[in-house]
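Visitor: I am new to reading protein models, and I would like to be walked through this one step by step. Could we begin with the whole chain and then turn to its details?

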Amino acid sequence: MFTEPAPMLRSATALVALALAAPAFADDWAQPVVDLQQSLAAVGIGLGGGVTGFGQGLAGGDGRYGVPFGGKADVLLGLDGGKLGLWQGFGASAHFEQTFGQSANEQGAGAILPVDTALAFPTLGGTTTDLSVIVTQKFGEVVSVSLGKFNMLDVIGRTPLIGGGGETTFWNIGLAAPVSGVTPPYIVGGIATLNTAPASFTLMVYDPRNAQDSDVIAHPFAQGTTTSLSAKVQTAFFGLTGYQTFRGVVSTAAGFDFDEAPQLLLPSGSAAKLTKQGYLFGSYAVQQFLWADPDNPGKGWGIFAQISASDANPNPIGNTVIVGVGGATPGRPDDRWGVAWCDYLWSGRLRNGLVAFGGGLNDERVLEAYYDAAVAPHIRLGPDAQVVWPGTPAASTALFLGVRGRVAF
């Protein structure tokens with residue numbers, strides 16, 4: 001049943017009116033910013049960012065109805081060591097982010113996965129602000145090594161077709177930043193890449209804890225190390241580009257052994273202890289273009305899929321499945337769209353442990369469709385619809401509708 005459509009309609013109407021008026025003034029207000037960016041880039045300083053607003057609400061299912069509004073502001077800074085007179089191949093980057101307002105993540109529909117990824121982080125870490133800083137050294141065009149604190153939404157955002165990050169592509173974290181249970185949203189460590197043909201390789205070594213915790217930065221690797229190795233193979237079926245990615249992860253970090261959950265009910269039981277040492281994870285992903293824009297190399301639309309599996313103890317996620325279609329729009333290469341489905345199957349041992357406490361956990365499934373239009377230079381606008389089958393037992397199927405607008409520079 002749909003309720004309270006008026007706020008949603010008014011919000012959409014206001015954003016559409018803004019979009020229709022945007023082309024008339026976009027170039028005028030943006031030109032000074034573009035001029036400044038070009039001047040800074042000439043001396044080795046990259047400056048960018050944007051503000052993204054979200055109006056998204058629960059339109060069907062359990063929970064609180066209405067349309068909460070929120071947003072995220074990003075400031076991106078990059079330094080080119082060669083142009084700055086340091087040495088070739090050296091660079092540094094920083095990403096400052098600030099969330100504000102409210103989000104549909106707080107509407108209590110029973111969904112375990114956040115329905116708005118951009119507003120979930122860094123908020124879920126207990127703060128509305130975060131700063132990531134990375135230094136990189138490139139060795140020719142083949143090898144690069146980066147060290148620092150990484151915002152993993154930036155990393156996942158470079159995935160072909162499906163994209164990621166929640167600000168220009170899918171909204172739900174199950175699709176915008178697929179959850180593995182082995183890579184937190186912010187990490188401290190290093191990433192090395194080797195770009196060869198036909199495969200490229202990425203090695204990640206990082207602290208298994210979320211780097212929003214200041215102790216992770218002050219005492220990195222104090223509780224273990226996670227190592228991830230992935231290989232991305234480029235293909236050319238029927239003359240169209242595709243990618244197949246294999247990833248394996250092993251960690252020495254300790255976690256709560258789900259098999260010990262019933263012991264917490266005994267009179268001598270105590271708080272949960274980290275007694276399960278280490279975990280494993282593996283995934284396979286494919287992106288295949290079905291249409292390529294002849295006038296815009298690298299743009300087009302196609303299909304994508306991902307499957308993953310873990311030892312499911314202490315990882316709460318057992319297996320995941322993602323399938324979808326999306327990419328650029330023919331005739332409008334700067335627009336993005338997508339339709340996808342994901343299924344998150346939680347650990348069977350975790351389920352059994354929750355039963356011991358009289359609780360339960362269902363697999364969580366999401367069907368999402370979005371469109372993100374470049375309505376004017378530096379301005380994007382588009383709707384989103386999500387059907388969520390919540391992981392919370394007895395929670396009804398939920399429908400979320402939203403509109404997203406972004407001003408970027």
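Guide: We can start with contacts, meaning heavy atoms within 4.5 Å: among those in the protein chain between residues at least 6 apart in sequence, 62% join residues at least 24 apart. This is a predicted model, in which local features need pLDDT of at least 70 and side-chain atom pairs count only at pLDDT 80 or more, while totals for chains, interfaces and linings use all residues. Residues are numbered from 1 along each chain as its sequence is written, and side-chain values use heavy atoms, with hydrogens and water left out.

Visitor: How many helices and strands does the protein chain have?

Guide: Helices (H or I, at least four residues) and strands (E, at least two) are DSSP runs, numbered from the N terminus. Counted in that way, the secondary structure of the protein chain comes to six helices and 16 strands.

Visitor: What percentage of the 409 residues is buried?

Guide: A residue is called buried under 20% relative accessible area, exposed over 50%, and partly exposed in between (1.4 Å probe, protein chains only). By that rule, the buried share of the 409 residues in the protein chain is 44%.

Visitor: Which strand gives the most residues to the nonpolar patch?

Guide: Patches are made of residues with over 30% relative accessible area and no salt bridge, where like charges are joined within 9 Å and nonpolar side chains (Val, Leu, Ile, Met, Phe, Trp, Tyr) within 5 Å. The nonpolar patch here includes Leu36, Leu77, Trp87 and Phe409, and its residues together have about 1,000 Å² of accessible area, a quantity from the Shrake-Rupley method with a 1.4 Å probe, for which only the protein chains shown count as cover for residues. Two elements give two or more residues to the patch, strand S2 (69-80) and strand S4 (129-139). The one that gives the most, with three residues, is S2.

Visitor: Is Leu77 buried or partly exposed, and what is its relative accessible area?

Guide: Leu77 is found in strand S2. Leu77 counts as partly exposed, because its relative accessible area is 38%.

Visitor: Which residue forms a salt bridge with Arg406 at 2.8 Å?

Guide: A salt bridge is a side-chain nitrogen of Lys or Arg within 4 Å of a carboxyl oxygen of Asp or Glu, and the structure holds 13 of them. Asp74 forms one with Arg406, with the closest N and O atoms 3.9 Å apart, and this pair links strand S2 to strand S16 (residues 398-408), 332 residues apart. Both Asp74 and Arg406 are buried. The salt bridge of Arg406 whose closest N and O atoms are 2.8 Å apart is formed with Glu167.

Visitor: Is Asp335 buried or exposed?

Guide: The side chains of Arg332 and Asp335 meet in a salt bridge (2.5 Å, N to O). Arg332 counts as partly exposed because its relative accessibility is 40%. Asp335, at 1% relative accessibility, counts as buried.

Visitor: Why is the pair of Trp301 and Trp337 called tilted?

Guide: Rings of Phe, Tyr and Trp (its six-membered ring) pair if their centres lie within 6.5 Å, and planes under 30 degrees apart count as stacked, over 60 as edge-to-face and the rest as tilted. A search of the whole structure finds seven aromatic pairs. The rings of Trp301 and Trp337 have centres 6.1 Å apart, and the pair is tilted because their planes stand at 50°.
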